[in-house]
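Colleague: I am new to this structure. Please walk me through how to read it.

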Amino acid sequence: MSPQPITQNTLFYGDNLKVLRDYIASESVDLIYLDPPFNSNRNYNVLFKDESGTDSEAQITAFEDTWHWNHIAEQTYHELVTQSPDTISRMVAALRDFIGANQMMAYLVMMAARLVELHRVLKPTGSLYLHCDPTASHYLKIVLDSIFEPQNFRNEIVWKRSDAHNDTKQGGKRYGRIHDVILFYTRGNEWTWNPIYTPLSDKTKEGWYRNVEEGTGRLYNKADLTAAKPGGDTSYIWKGFTPPLGRYWAYSRAKMEQMESEGRLVYSTSGRPYMKRYLDESKGTSLQDWWDDIEMLRGINSNERLGYPTQKPLTLLERIINASSNAGDIILDPFCGCLCRVGGSLKCGESHRN
């Protein structure tokens, strides 16, 4: 059957690869978030053991319930090598040559097949966020680069998911592992984007906004009015002052006159103009790629907790949805928040942003 347009708020049950191919039409999804199963607390050495040998079954524990190099992985690998575009085919073959036929490669093969389909169903203006951990993030970025093309990589977001660990006290000989990785890609060079701002820190408020406007008491900082590159009417003398050598005004003369009439310019003792940036007009700091303000779910009494260890907080998902979708958009989660295995559910839903 041909894939059909998605019905909003739909939960599919079954192998998500088959569901994608049979039910999800091309270029029908605005935003994809996936958090595929990957347990970062396992013994990583096991992930690279060749399963074709006589290794003890007791050592094959890392992906025991999900990823094994078996006939299904071999079949999927063959399909990718023989039926995918050349860049993807060569990438998958090179990874196998480097990594070998083991659980890690089984994971990457299964992910590659699904990422090919996710690229297909994503709209030209759509975005994809892949949640993983540092053990596989570098491999997954290679896979994503091959499928989405390197120029459509936007960010590697680091989410600080927990506080410091006492691994050293327990004999650990490494630095504490406290973060996840979220790889952000777009389908093309135009995508939905709604800037997100975080509140200014007290240190920033106290350090930057030290000036008090006479008459109003409003706090402000003094912003530079020069720029490195000219753009239009930006080379002129303003009240006897010119920008330093190699610099230009950041605004046209008309804009400067407007700011002057509005009382938004302030001058140094040398006569150099600055623009007033008021604290009460600040949106905050634009969100960066280091997210340390969203905590993991804690305690058994949390209203969100559903009982599985890799559950992500709603605020994390809300941030991604708010940044990369608009009200009424179609959002797809092919692993249902990692509640399922590779043969589990896939959910498509309407964006519920206010």
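**Reading the model**

Modeller: Start with the surface. The protein exposes about 19500 Å², and carbon and sulfur atoms supply 49% of it. Accessible areas come from the Shrake-Rupley method with a 1.4 Å probe, and for residues only the protein chains shown count as cover. This is a predicted model, where local features need pLDDT of at least 70, side-chain atom pairs count only at pLDDT 80 or more, and totals for chains, interfaces and linings use all residues. Residues are numbered from 1 along each chain as its sequence is written, and side-chain values use heavy atoms, with hydrogens and water left out.

Colleague: How many helices and strands are there?

Modeller: Helices (H or I, at least four residues) and strands (E, at least two) are DSSP runs, numbered from the N terminus. Here there are 9 helices and 16 strands.

Colleague: What share of the residues is buried?

Modeller: Buried means under 20% relative accessible area, exposed over 50%, and partly exposed in between (1.4 Å probe, protein chains only). In this protein, 44% of the 354 residues count as buried.

Colleague: Which residues have the most contacts inside the largest nonpolar core?

Modeller: In soluble globular proteins, nonpolar side chains tend to be buried together. A nonpolar core is a set of buried Ala, Val, Leu, Ile, Met, Phe, Trp, Tyr and Cys residues joined through side-chain atoms within 4.5 Å. The largest one has 49 residues, and Ile 32, Leu 34, Leu 115, Leu 128, Leu 130 and Leu 140 have the most contacts inside it. Helix H5 (residues 103–121) gives the largest share of this core, 13 residues. A second, separate core of 15 residues includes Leu 31, Trp 159, Trp 291 and Ala 323.

Colleague: What is Leu 115 in contact with?

Modeller: Contact means heavy atoms within 4.5 Å. Leave aside neighbours within four places in sequence. Leu 115 then touches Leu 34, Leu 128, Leu 130, Val 143, Leu 144, Ile 147 and Phe 148.

Colleague: Why is strand S5 largely enclosed by the rest of the structure?

Modeller: Count its buried residues. In S5 (residues 179–186), 7 of the 8 residues are buried, so the rest of the structure largely encloses the strand. Now look at its partners. Two strands pair if DSSP finds at least two bridges between them. Strand S3 (residues 122–132) pairs with S5 in the antiparallel sense over 6 bridges. Strand S4 (residues 153–160) also runs antiparallel to S5, joined by 7 bridges. Tyr 185 in S5 stands opposite Leu 128 and is the bridge partner of Phe 153.

Colleague: How many aromatic pairs does the structure hold?

Modeller: Rings of Phe, Tyr and Trp (its six-membered ring) pair if their centres lie within 6.5 Å; planes under 30 degrees apart count as stacked, over 60 as edge-to-face and the rest as tilted. The structure holds 9 aromatic pairs. The rings of Phe 148 and Tyr 185 have centres 5.9 Å apart and planes at 55 degrees, so this pair is tilted. Phe 148 is in helix H6 (residues 137–148) and Tyr 185 in strand S5, so the pair ties together parts 37 residues apart in sequence. Both Phe 148 and Tyr 185 are buried. Tyr 220 and Tyr 278 form an edge-to-face pair, 6.3 Å centre to centre with 70 degrees between the planes.

Colleague: Where does Arg 319 lie?

Modeller: A charge sits over a ring if NZ of Lys or CZ of Arg is within 6 Å of the ring centre and within 35 degrees of the ring normal. Arg 319 lies over the face of Trp 291, at 5.0 Å from the ring centre.
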